[in-house]
Amino acid sequence: MRGRIFSGMRPSGRLHLGNYLGALQNWVDLQSDYECIYSAVDVHALTDMQGDVTKEIKPNINEMVLDWLAAGVDPDSSIVFVQSHVREVMILHSILSMVTPMGWLMRVPTFKEKVRQMHETEETVSYGLVGYPVLMTSDIILYKADTVPVGEDQLPHIELAREIVRRFNNLYGETFPEPQAKVTNNPVILGLDGKNKMSKSLQNHVELAYSEEETIARIRTAFTDPERLKRSDPGRPEICNIYTLQKYFNSDKLDEIYRRCTSADIGCVEDKQMLADSINEKLADFRERRRELADRTDYLEQVLGDGAAKARLIAQETLSEVLDRMNLSVR
Ligand code: TRP
């Protein structure tokens, strides 16, 4: 039997090159070996969005899911759905929160980091944020997924999921498989500032869905080797973020680019133009598909509706089993 994958992405809107090379590409590839369930995790988004900004969630989901589908996530073979559309996850989250010691949650390194990032303290931070990994565990085990493709940063969450599963199974009998992390080759893609990981919030990103002109204009703004001041100075590809991107988008010309940059045969302007041209070429089919899908009225709604229906069937079965085991069943 094929294994079952669950993975989720927070609805951040249009995806960028970093999201593609780090996660989306893997999602597409995994479909040939696994039964895949992919979710836009909108409830998780609420951990750092409150009030008026929640109106951004729906359009963000739509933009993001369009990127998934255009990249090759296939809603006929995989389940593609929005987390909150299958409400069983909230019930399982409550139940699991009862078997999860606070100590486990407070020790999760991403929790401390997030509290710091949000300029909060452990006093002011929401109860929901503390429970973030419990909700993530609920996502995974509600569908009895055995494999979870994640980046390195999410490993503590999967470890915690395994501990929660062990505890639940001990208390109520073997119910859930222990999910395994599948650490995908998840390269850190630097942003155009050359300092930080590519991210939308830092505005150092290149969206997959940009037009060719936008791509070229955006890449032109990138920082390169700060010590290369004149066109005749030799460049240092090792420290240049454009070169890092060339590895993915001009892999066949990499030696040539290295040689011509270090010998000042090409300048940063030409280097960037080569990169932008190649990104445009490699994403041409994706962009065309994305436009087609976006033009089809009701298509997204249909995909997400079907996805939720399929996900709900599995979720209801699991939740009934859980309630039975806990003697909470109404029957
Ligand atoms: N926490 C994940 C992230 O920020 C998103 C996520 C939510 C997820 N639920 C999940 C990932 C379940 C894998 C499985 O990237």
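Start with the lining of the second largest cavity: α13 gives the most to it, with 4 residues. A cavity here is a set of points, on a 1 Å grid over the protein atoms alone, where a 1.4 Å probe fits but cannot get out; lining residues have an atom within 4 Å of a point. Helices are DSSP runs of H or I with at least four residues, strands are runs of E with at least two, and both are numbered from the N terminus.

A word on the source. This is a predicted model, where local features need pLDDT of at least 70 and side-chain atom pairs count only at pLDDT 80 or more, while totals for chains, interfaces and linings use all residues. Residues are numbered from 1 along each chain as its sequence is written, and side-chain values use heavy atoms, with hydrogens and water left out.

A volume is the space filled by probe spheres set on the points, with grid points joined across faces, edges and corners. The lining residues are Ile216, Ile219, Arg220, Val269, Lys272, Gln273 and Ala276. Two elements give two or more residues each: α10 (212-220) and α13 (268-282). By class, the lining splits into 4 nonpolar, 1 polar and 2 charged. Ala, Val, Leu, Ile, Met, Phe, Trp, Tyr, Cys and Pro count as nonpolar, Asp, Glu, Lys and Arg as charged, and the others, Gly among them, as polar.

Next, the largest cavity. The whole structure holds 2 cavities of 30 Å³ or more. The largest has a volume of about 40 Å³. Its lining is Thr224, Asp225, Arg228, Gly235, Arg236, Cys240, Cys261, Cys268 and Asp271. That makes 3 nonpolar, 2 polar and 4 charged residues.

Now an open space. The second largest pocket has a volume of about 350 Å³. A pocket is an open set of points with protein on both sides within 12 Å along at least five of seven lines. Of its 17 lining residues, His93, Ser97, Tyr127, Gly128 and Gly131 are the closest to the centre. At least two lining residues come from each of α4 (88-97), α5 (102-106), α7 (127-130) and α8. α4 gives the most, with 4. The classes are 10 nonpolar, 7 polar and no charged.

On to the ligand. Which residues are closest to the ligand? His44, Tyr132, Met136, Asp139 and Gln154, out of 13 that surround it. To be near, a residue needs a heavy atom within 4 Å.

The protein covers 87% of the 370 Å² of accessible area that the ligand has on its own. Those areas come from the Shrake-Rupley method with a 1.4 Å probe; for residues, only the protein chains shown count as cover.

Where does the shell come from? β1 (4-9), α8 (132-142) and β4 (147-150) each supply at least two residues. α8 has the largest share, 4 residues. The shell divides into 7 nonpolar, 4 polar and 2 charged.

Last, the overall build. The protein has 15 helices and 5 strands. Its C-alpha atoms fill a box of roughly 80 × 45 × 45 Å along the principal axes.
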